[in-house]
Amino acid sequence: MAMNEKIDWSNLSFSYMKTDYNVRCTFRDGKWGEIEVCSDESISLHMAASCLHYGQEIFEGQKAFRGKDGKVRLFRIEENAKRMQNSAKGIKMEPIPTELFVEMAKKVVELNARFIPPYGSGSSLYLRPLEIGITPRVGVNPADEYMFIIFVTPVGPYFKEGFKPTKVAIYREFDRAAPLGTGKWKVGGNYACGMGATAKAKANGFSAALFLDPKEKKYLDECGPANFFAIKDGVYITPKSESILPSITNMSLQQLAEDMGLKVERRPIPVEELDEVQEAAECGTAAVATPIGEIYDEGMNKTYKISKDGNPGPVTTELYNRLRGIQLGELPDTHNWTMVIENV
Ligand code: PLP
Ligand code: COI
């Protein structure tokens, strides 16, 4: 983006835009090196790098927000660092120390200050931290060397509907598969297995696929890019599952729901229970809290009508407003979730 080009901040989609800089750090000879500031968008990689064959790659998502007071904030950034360390351990990659992760996140935002959407635009600066194994490997072995990169891109809403009820679909023929978690480890990376379901959902006019538990296909898991929650008789219910990503947004919304006096239940949710919920939504950094108005279950040939009047439900709306309010510095950050970035 040339210096004098104008960005239409209020009409951004969730897509990649070239910014000025990315930051990189390489793990080699048993230690992390210096942080490099780079304006090149490409990387030079050995064709046998372990990320290319055996999928030694993990990523995170985070946003920087320009607040009402003009300050720029990150949201629970240490939680992203912690989750990425867990992902790394899950597939034998080198964990990135929290201090390095946070320092690089702050730096990349500072360096790209002109790409932080203004307050009131509804957009934010998305950070995409990613780590890859770069050692040439042919046998199935973890790499010795790793590259950690954070790039940024200004984004608008993940779903074109914005904060309006969306439609999602359940297809039992697809598995979300192992990458999002086998047993103890929940790995944020390699989403390719879920792409068939999402592509089918989009081709049929849905905004996302809703996955069921891979073992029995009886319980709700999560959507392609986000966790799932529902409101049932004043209770915030969300799936407890071994095969979903532990969403930082979901964790935060559970706390906000409790602050609002709601009970929170994390438990297996059978698909049929959708008949009894008054509200449903997908939640995540990119999705924030996007209401779900309708859920189509292809296998059972059944549509669950969640939103009766085509509007977001009152509880989802209040949760959304509280979360956004904290992220944008409009509401007191009583849980100490935000970190202000100086120099921007
Ligand atoms: N589930 C999946 C599959 C995701 O990709 C994401 C986004 O990162 C989430 C859930 C939400 O996680 P978070 O709220 O930490 O962004
Ligand atoms: C995020 O919410 O940050 C994610 O990583 C979701 C991604 C699939 C866009």
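**Surroundings of the two ligands**

In this predicted model, an oxygen atom of ligand 2 lies 2.5 Å from a polar side-chain atom of Tyr126. On its own, ligand 2 has 290 Å² of accessible area, of which the protein covers 85%. The shell around ligand 2 consists of Phe14, Phe59, Gly61, Tyr126, Arg128, Tyr158, Tyr191, Pro225, Thr285 and Ala286, and by class these residues divide into 7 nonpolar, 2 polar and 1 charged. Domain 1 (9–155) and domain 2 (166–327) each contribute at least three residues to the shell around ligand 2.

Ligand 2 sits in the largest pocket, and ligand 1 likewise sits in the largest pocket. Around ligand 1 there are 16 residues, of which Tyr191, Glu222, Ser247, Thr249 and Thr285 come nearest; in terms of class, the shell comprises 7 nonpolar, 6 polar and 3 charged residues. At least two residues of this shell are supplied by each of α5 (248–259) and β15 (279–284).

Oxygen atoms of ligand 1 are approached by side chains and backbone: an N or O atom in the side chain of Thr285 is 2.5 Å from an oxygen atom of ligand 1, a polar side-chain atom of Arg83 lies 2.8 Å from an oxygen atom of ligand 1, and a polar backbone atom of Ile248 is 2.8 Å from an oxygen atom of ligand 1. Taken alone, ligand 1 exposes 390 Å², and the protein buries 95% of that area.

Terms used. Residues numbered from 1 in each chain as written. Chains lettered and ligands numbered in written order. Predicted model: local features only at pLDDT ≥ 70, side-chain atom pairs only at ≥ 80, totals over all residues. Heavy atoms only, no water. Near = heavy atom within 4 Å. Polar contact = N/O pair within 3.5 Å; in protein donor to acceptor, adjacent residues only side chain to side chain. Areas by Shrake-Rupley, 256 points an atom, 1.4 Å probe, with all protein chains shown as cover. 1 Å grid on protein atoms, 1.4 Å probe; cavity = no way out; pocket = protein on both sides within 12 Å on 5 of 7 lines; lining within 4 Å. Sits in = over half its atoms within 2 Å of the grid points. Helix = DSSP H or I, 4+ residues; strand = E, 2+ residues; numbered from the N terminus. Nonpolar A, V, L, I, M, F, W, Y, C, P; charged D, E, K, R; others polar. Domains from an automatic or database assignment.
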